[in-house]
Amino acid sequence: MSAFPTDVRLDEADVAEPTHEAGSGSTGKAYRDLPIRAKLFLFATAAIAAGIVVPLISRISHGDSRRDWTTFFVLGSLAALSQLFVVFTPRGDHSYHTSIVYLIPAAMLLPPELVVLIATVQHVPDWLKYRYRWYVQTFNICSFTLASMATWGVAHVIRGSQLLNPDLRLAMAGIAACIVLVGINHFLLASMLHFQRDWSFQETGLFSYEYLSSDLVLTGLGVTMFIFWRIDPWMIPFALAPLVLIHRSLSVPQLEAEARVDPKTGLFNARHFASALAEELGRASRFERPMSLIMADLDLLRDINNTYGHLAGDAVLQGIAEVFRAQLRHYDVPARFGGEEFSILLPETPPEHALEIAERIRRAVAERTFEVETSSEPIRATVSIGVAGYPKDAQDSNELIHQADLAVYRAKLQGRNRVLGASAEPLLLPDERTERLVAVPEDGDHIVPLPRVAEAKPDPDRRQQAHPRPHAVHGPRFFSLSRRLSALVGIVSLLGVGAGVLGLLLGGSHDIFGLIAVVALVGVGQALALELDDGSVSASAVGALAGAALFGPRAALAIAVTTAAVDWSARRTQFHTVFFNIGALTLAGLTAAGVFRACQFGQGGVSDLMTAAGGVAAGIAYFGVNMGLLSVALSMEGHERWVNVFRERFAWLMPHYLVYGFVGGVMAIAYEAAHLYALAVFAVPLLLMRKTQEAYLAHTQRSAQKLRQAAETIQTQNVSLEQANRLLKERSTAAMESLSATVDARDSYTAGHSRRVQQLALAIGRELGLSQAELDLLGHAALFHDIGKLAIPDAILLKPASLTGEEWALMQRHADEGARIIDRLGFLNDAVPAIRHHHERFDGTGYPDRLEGDEIPLGARIIHVADALDSMLTTRIYRAARPATEALAELRRAAGTQFCPRCVTALERILPVEPVVEGDSLRGELVAAS
């Protein structure tokens, strides 16, 4: 609304985020969600406004007096500025602006062709700041336009009447203007709310005494301003002085609402709840009516904060508040009592009904999921609820709160996520139980202990925060980097602004309205810029080049300031970046204007041809100056060559500026023939092109998003598969180790043999310089080298006498069988050769493949030596253990025939380090490297 109810937010999501995402489908979806009746009313309002505005706009080209333009500039600027100082109503769906004060004098002082422009001008800063959806701002502008024109018509009819004396005519015109402006605006706004939200006129509140009185007071101040303007315009500040007090008084309801509301959840705070509880208890006592109190405590909030962060805890608190608002009646009083504890006052509700409401709330909270940024999946939360009723459970507010609080603790002790009523049974409270809760006192000083010092939270890393327009070319933070960069910014800004001021003063064009139209076209083009990965595509350059062709140097500064201001409104860049952009764009615009001036010769078709050709040259010049200066700044920031920066970031835009320059030249030619209609004709294709580009980019972004989601899904599945594979490996390895131990356990003489061989083999491998990966494979091969003995019958494996030839042939198969078993696992394939060939002899007489020398895998040769040493040192069923010195002598004697000499030598080198088996006197002299 306005400082009378003029503006409306049709939906909570009607304020677009100042990013490129606002145009990527969210606006269209919000518009599609509007009811068909609201859409029809919007189009009807826009059509009527357009039918009034278009004929009047065409009259501006005939020229208006300088006094009218001065009045328009002053009133339009004041209205636009006041539009920024918004006061929202406690309901949050209407807003107050004091801009209505300036509409009354505008309607009574200006000609109608300028009155229709006030509504648009006043909403430009408002839109740049809040970025309302296009249909919301369109309705607001059309509503203002219709109300302003009706006010102009009524005021001029009454002032021109001959039936009243002059003084009475002026008073009656002022009164009628106030009534018409307020009435039409309220009617249009109430109608839109009726069609969009199905509210009755009474439910909107727009025709209540509060709203109407505020509006009529403001419009009356507008009439005063009109009278002061007629007497002496320099007295206007005195007429506007009461406006400050009025603006502050409009803020009082909102401030009162904020004093009652908890800012984090939007529920009432503890102080307001205490006041409401005392009032309702008094009413229930007087009329002997029931009432109930619900105390709800969020379960395990500390765990949520510790796991997902405090912002996630805040999001859960806000979500629970939304559940309360959805489940409660409009006269119930939900409040945040403190921390994670909530209280709900239920008037006219017995405890039995209150338990049903509480259970409904508990289920709704338990079923809801909460989206938090720190978790890839939604999180869940539960609440424990206690219910107490008046007069059944307590007679005063403190006792009622205490009984409900005890019920909450019973619910928590019984396992949380449940609802319990107040009970007379004693509750065993923990020793650290705090004082019982009491209501905040209504009067007197509320004295509480000093709160604990809040934990200091470090500022978030700005590098991790998303830029509001992440794909735009980010301007350097000039003054924080180097003197050279600061000097460049200062020089470009001063030269650009100074040259732009000279161009504005010395330029030869006097078509003010045409210049305003081109500046507006540039602003709209920049506001509709589409973001790309390497920058942005904007049609504002077309308007800038057309302005350079039409108005020469006079347009450069105005267009640069408009472009930089709109860009700042979307990106909130630092001010020195804004000044640099103004300077660079002004210099680029002046350069383009110079190119156009140089190409202006010839007559008729030759002149038009040279203008079009000059547009191409001007586009190149504009591009070169603007992007060249930006490249120099970025090169100083990144310590790169400016040529490389230009080539990598901006060179690809040159064809676009060639086309922009040509289109700008053609627009200048058409403007000479058709004036403003030419700008409209060219604006439509540019908007259609922008819409096409937007649709293409949206499709590309959706495709990229799908690809990213698919990649994330694949990545997640890969991680799951890796985890499953790792678990499978661990379990398979554990199973094989158990089988290996089973093989050793079949013979009491060989218990622990595989583990000892593994330790010896790893020690030899480290001495030989094997890598960690090779040692891992060697360890597995050594541990499982006898796994094939599972296929050997006990009659052969445990036979105390010598084996027959047939039995020996069967025994020799254990190496091949073990390799076959391990090969089936899949993930130990590289260990299979060492297992298969660990009984090969160095001279080629071993089994199973009679390999010789270095043909035998090194792992097999190492295991062969370690296996032989442990076998000789261990008592077997068919022989006794051999002494250590004799075992080593046997290894040396057989080196080169049975065993690998390198492995035997490595074994000898590692023996003095540490015992292989502690407590074994027989092998105490043998040591192996750890």
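**Figure 1. Surroundings of Asp 867 in the predicted model.** Leaving aside neighbours within four places in sequence, Asp 867 is in contact with His 753, Val 757, His 785, His 838 and His 839, and the whole description here refers to a predicted model. Asp 867 itself belongs to helix 30, and it counts as buried because its relative accessibility is 8%, where the cut-off for buried is under 20%. The side chains of Asp 867 and His 753 are joined by a polar contact of 2.9 Å.

**Figure 2. Crossing of helix 30 and helix 31.** Helix 30, which spans residues 858–873, and helix 31, which spans residues 884–894, have axes that come within 9 Å and cross at roughly 150 degrees; the crossing of helix 30 and helix 31 is right-handed. On the side of helix 30 the contact is made by Val 865, Ala 868, Leu 869, Met 872 and Leu 873, and these meet Ala 884, Ala 887, Glu 890 and Leu 891 in helix 31. Sorted by residue class, the contact of helix 30 with helix 31 holds eight nonpolar residues, no polar residue and one charged residue.

Figure 3. The structure holds 14 aromatic pairs, among them the pair of Phe 41 and Phe 139, whose ring centres are 6.2 Å apart and whose planes stand at 45 degrees, so that the pair is tilted. This pair links distant parts of the chain, since Phe 41 is in helix 2 (residues 36–58) and Phe 139 is in helix 6 (residues 134–159), 98 residues apart; both Phe 41 and Phe 139 are buried. In the pair of Phe 201 and Phe 207 the ring centres are 5.8 Å apart and the planes are at 15 degrees, so this pair is stacked. Phe 201 counts as partly exposed at 33% relative accessibility, and Phe 207 is likewise partly exposed, with a relative accessible area of 38%. Elsewhere, ring pairs link Tyr 622, Phe 623, Trp 642, Phe 646, Tyr 657 and Tyr 660 into a cluster.

Figure 4. Tyr 390 and Pro 391 are joined by a cis peptide bond with omega of about 5 degrees, and Pro 391 is placed in the loop between strand 7 (383–390) and helix 15 (397–413). A cis peptide bond also joins Tyr 847 and Pro 848, where omega is about 10 degrees; Pro 848 is found in the loop between helix 29 (832–836) and helix 30.

Figure 5. Asp 198, a residue other than glycine, has a positive phi near 60 degrees and sits in the loop between helix 7 (166–197) and helix 8 (201–204). With a relative accessibility of 54%, Asp 198 counts as exposed. Asn 417, which is not a glycine either, has a positive phi of about 55 degrees, and its place is in the loop between helix 15 and strand 8 (419–421). At 26% relative accessibility, Asn 417 counts as partly exposed.

Technical notes
Residues are numbered from 1 along each chain as its sequence is written. This is a predicted model: local features need pLDDT of at least 70, side-chain atom pairs count only at pLDDT 80 or more; totals for chains, interfaces and linings use all residues. Side-chain values use heavy atoms; hydrogens and water are left out. Rings of Phe, Tyr and Trp (its six-membered ring) pair if their centres lie within 6.5 Å; planes under 30 degrees apart count as stacked, over 60 as edge-to-face and the rest as tilted. Helices (H or I, at least four residues) and strands (E, at least two) are DSSP runs, numbered from the N terminus. Buried means under 20% relative accessible area, exposed over 50%, partly exposed in between (1.4 Å probe, protein chains only). Axes are lines fitted to C-alpha atoms, for helices over the stretch in contact, and angles run from 0 to 180 degrees between N-to-C directions. A crossing is left-handed if the near helix is turned anticlockwise from the far one by less than a right angle, and right-handed if clockwise. Contact means heavy atoms within 4.5 Å. Ala, Val, Leu, Ile, Met, Phe, Trp, Tyr, Cys and Pro count as nonpolar, Asp, Glu, Lys and Arg as charged, and the others, Gly among them, as polar. A polar contact is a pair of N or O atoms within 3.5 Å; within protein, one must be able to donate a hydrogen and the other to accept it, and residues adjacent in sequence count only if both atoms are side-chain atoms.
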